[in-house]
Amino acid sequence: MSGKATLRNLAALVSGLVFGLGLSLAQMTNPDKVLNFLDLAGHWDPSLLLVLGGAVVLSTLGYFLTFKRGAPLWDSLFHMPQALAIDKPLLIGSALFGIGWGISGYCPGPAIASIGLGNPEALWVVPSIIAGAALQRWSHDRQTADID
Amino acid sequence: MTEFTPLHALTGGLLIGSSAVLLLWLNGRIAGVTGMLTGLLVKPSATQLWRLLFLLGLIGGTALYGLFATTPLRQGFPIWLLIAAGLLTGYGTAQANGCTSGHGVCGLARISLRSLVATATFLGVAILSAYVVRHVLGLST
């Protein structure tokens, strides 16, 4: 493994760590907190809106400045998703995900993160997410991935 | 019932944003959890190690936080609902090539119309889904 590859692996680990700290601090690892945002007819908790808002505003600014550099620090190019089409798989997939998210309160990030809390729900939800994703990948003949 | 926690929510959101910027700035990569998972599923190899490390970091960061503060654990949520929801979430995010992190945070940050449509779709459907599960079927509190 080259030196740059080691640095990239380290960067991924640290980035994941910061992501986990952010999700935890925002209590997005608590599915009730998420569902109380999604459920407009209950005791509404708008916290998720600020989580998403804070993340999007900061990353939009950071992405703009980073793209202006022309290349990342430890790689030769930006690995950007190639798909642009707003097609049926995007809409159907997002809708299926929405149904699942609205049921459990877990999107993939917080589901995996909840392993770190020793949350017994992770025992069921994480393997199910992996199985669902594997089923999709294997049943669709390795369609062109967004990300290489 | 959970209380609105604006300061924690905003600070947590800024940390998530920092994580996304860090990964783009250093590695030129999108911090999308679905991409991490499907990348590992489709072609597990040494070049994919960073994806595994990101996920391990995600778990580690959450465990680290757990040393200093407690997160309430939900009790009594039906296991069959967790499984059904997980399968739908896994299948759907793989089909859409992204979830809340990849489309919702990173996609919006790079001003992708595709990600905006995905985010509006899964957010809108999730709001409907939560309503049906809680108020029509009465399956969870």
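Read along the sequence, chain A follows the pattern α-α-α-α-α-α, with six helices and zero strands. Helices here are DSSP runs of H or I of at least four residues, strands are runs of E of at least two, and both are numbered from the N terminus. The model is a predicted one, in which local features need pLDDT of at least 70 and side-chain atom pairs count only at pLDDT 80 or more, while totals for chains, interfaces and linings use all residues. Residues are numbered from 1 along each chain as its sequence is written, and chains are lettered from A and ligands numbered from 1 in the order in which they are written.

The C-alpha atoms of chain A fill a box of roughly 50 × 40 × 30 Å along the principal axes. Of the 148 residues in chain A, 57% are buried; a residue is buried if 20 or more other C-beta atoms lie within 10 Å of its own, exposed if 12 or fewer, and partly exposed in between, with C-beta atoms placed from the backbone. Chain B likewise has six helices and zero strands, and its elements run α-α-α-α-α-α from the N terminus on. Its C-alpha atoms fill a box of roughly 45 × 35 × 30 Å, taken along the principal axes, and buried residues make up 56% of the 141 residues in chain B.

The two chains meet through 104 residues of chain A and 106 residues of chain B, where contact requires that the C-beta atoms of two residues, placed from the backbone, lie within 7 Å. On the side of chain A that touches chain B, H1(A) gives the most, with 17 residues. By class, this side of chain A has 62 nonpolar, 32 polar and ten charged residues. Ala, Val, Leu, Ile, Met, Phe, Trp, Tyr, Cys and Pro count as nonpolar, Asp, Glu, Lys and Arg as charged, and the others, Gly among them, as polar.

One pairing between the chains joins helix H6 (residues 122–139) of chain A and helix H4 (residues 79–96) of chain B, whose axes come within 6 Å and cross at roughly 35 degrees. The contact of H6(A) with H4(B) has 15 nonpolar, eight polar and one charged residues. Axes are lines fitted to C-alpha atoms, for helices over the stretch in contact, and angles run from 0 to 180 degrees between N-to-C directions.

The largest nonpolar core has 84 residues, of which Val51(A), Val125(A) and Ala20(B) touch the most other members. Such a core is a set of buried Ala, Val, Leu, Ile, Met, Phe, Trp, Tyr and Cys residues joined through C-beta atoms within 7 Å. Helix H1 (residues 6–27) of chain B gives the most to this core, with eleven residues. Not counting residues up to four places away in sequence, Ala20(B) touches Ser59(A), Ala31(B), Val105(B), Cys106(B) and Ala109(B).

Val105(B), Cys106(B) and Ala109(B) are among the buried residues of H5(B). This helix (residues 100–109) is mostly covered, with ten of its ten residues buried. The cover includes H3 and H5 of chain A together with H1, H2 and helix H6 (113–136) of chain B. H5(B) is followed by Ile111(B), whose phi is positive, near 55 degrees.

Met36(B) lies in helix H2 (residues 33–42) of chain B. Met36(B) counts as buried because it has 28 C-beta neighbours inside 10 Å. Leaving aside neighbours within four places in sequence, Met36(B) is in contact with Arg51(B), Phe54(B) and Leu55(B).
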